[in-house]
Amino acid sequence: MDFSHLVHVAWFTFFQAMCSTLMALLIGLPAAFYCGRRHFLGRPFLLSLSVVPFCLPSLIIALGYVTFLGLNGGLNQFLMFVFGFEEPPVKVLYSFFGLIIAHGFYNFPLIMKNVADSWERLPSEPAECARLLGAGEGRIFKTVTIHQLLPSIASSSLLVFIYCFLSFVLVLLFGGIGNSTLEVEIYKAARGTLDFTKAGQLAVVETLILAVVTSFYCIIEQKAAARTKGLKAAHNSSKIAIKGWLEHTVFVLLVLLIALFFVAPLVGIVINAFTSSRNGENGFTLATFQRVFKMRSFIPSVKNTIWVAACTGALCTLIGFLYSMLLRFMERKVGSRMNIFLKVVPMLPMSISSVVVGVVITLIVRRGNAVCLILAQSALSWPLAFRVIYLNMSKISDDLIDSSLILSKNKLDLLFRVLLPVCFPSLISAFGFCFAVSAGDTTLPLVLAIPKFDTLSLFTYRLAGAYRFNEACASGVILGLICAVVFAAASFRFKKNRKS
């Protein structure tokens, strides 16, 4: 393939991911400050937005931006009605800037939640000492606070960078003319022109870049985890009200931006799902849902989504539990270097994209099937389950493990009477995470192109591609409800058990 084209695509992929991360930081850091250090009325709601990137697929977010910021979206219709514009005034969606907005606002809750948690745990003594020495609030932030927060900012930023680097659906829809990423080019080469040589070259370049970024992420996350562990005892839950004209101004601006570019697109999906552009169907109507339910492939796609997501969630949870158990026992016997290696292994799937996995499977298996889809999704998603489960597994003390091994006649008693009961809440939570990720996955079903096999995300994608946006929104609402209900039920169970 043309070397200059490869460089251009690789550079655009890197550049858009970097700009998207900066956009997420621009929104996420102020939000983290208010959630971590200030008390205000909508704080629980703002923190709850952190689950959106996990429980709502990027396809649904894309639909939201189309229905709200598109040429015929709600914002343009409102502006044309109020100000009398003859043409839509907002035309940023299908461009580079539109892609950055979609990526940045979709991922900012990840930065907000991680940094807010660290900000909330910061000890007050260093800042108080600086104040006694005459330092102002700005100088304290630059010389003390930012250095304390740097590990969590860096780790969450690298995670957002990886997500944006591997973004597929949003780039496919909003990339604009001439703007294509490695993920999209690999898909086009493998599925469009059947040029597997080009797809392989692009895959190698993408994997090498991701390997480097993932290595940095692993190192920084280890430092962030060590810093967070040291701050647990110094947890400071005291918060004060928003003060000063500057804080109030920034807060109002932040709320407006989040409402406009994050909440409104989600609300737009629901509004479009319960309205219709067809003649005689004005106002609130269920006709859109009725048309979706009557489509031949809808019910099969719902069934396929649920059982594939359930199998993927169960398999990911099983692998995550077994690896957590292996790591917990191995870290008692091996050296620190081996422990670091074992903790890095779950990060490896982050350096391999779902498009590459799908292309490799199509090269090995002539026709993909549901089993291939489950195995591929599990191979990429099990680290999510591991991270949730290992959090509980690591809290089991060595003394408890040793006592169980000594007092029990059967070594399996340790598994059934200690490990499983302690980790059970995290097992449920891990299942919910992986279920939602699998159900919302559009990339692997699209790349595998399994004959006569639709998932609800793929069904929704095809409706959007056919410009049937009302039906796509209705299907997206159903998909989002399935993901959100399972995710919320698992998270509620996890939080309830942690409190008890």
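This is a predicted model: local features need pLDDT of at least 70, side-chain atom pairs count only at pLDDT 80 or more; totals for chains, interfaces and linings use all residues.
Figure 1. When its neighbours within four places in sequence are left aside, Y461 is in contact with L59, L172, T442 and L446. The view may also be used to locate V255, which stands 206 residues from Y461 along the chain. The C-alpha atoms of Y461 and V255 are separated by 30 Å.

**Figure 2. Helix α4, residues 58-69.** One of the contacts of Y461 is L59, and L59 is among the buried residues of α4. Helix α4 contains 12 residues and reaches 16 Å from its first C-alpha to its last, close to the 16 Å expected at 1.5 Å a residue. Because 11 of its 12 residues are buried, α4 is largely enclosed by the rest of the structure. The buried residues are L59, I60, I61, A62, L63, G64, Y65, V66, T67, F68 and L69.

**Figure 3. The second largest cavity and its lining.** A search of the whole structure identifies 2 cavities of 30 Å³ or more. The second largest cavity holds about 40 Å³ of space. Its lining consists of N304, T305, V308, A309, Q377, S438, A439, D441, P445, T455 and S457. Two or more lining residues are given by each of the elements α14 (298-330) and α19 (412-439). The most is given by α14, with 4 residues. Sorted by class, the lining of this cavity comprises 4 nonpolar, 6 polar and 1 charged residues.

Key
Residues are numbered from 1 along each chain as its sequence is written. Side-chain values use heavy atoms; hydrogens and water are left out. On a 1 Å grid over the protein atoms alone, a cavity is a set of points where a 1.4 Å probe fits but cannot get out, and a pocket is an open set with protein on both sides within 12 Å along at least five of seven lines; lining residues have an atom within 4 Å of a point. Grid points are joined across faces, edges and corners, and a volume is the space filled by probe spheres set on the points. Ala, Val, Leu, Ile, Met, Phe, Trp, Tyr, Cys and Pro count as nonpolar, Asp, Glu, Lys and Arg as charged, and the others, Gly among them, as polar. Contact means heavy atoms within 4.5 Å. The expected span of a helix is 1.5 Å times one less than its number of residues. Buried means under 20% relative accessible area, exposed over 50%, partly exposed in between (1.4 Å probe, protein chains only).
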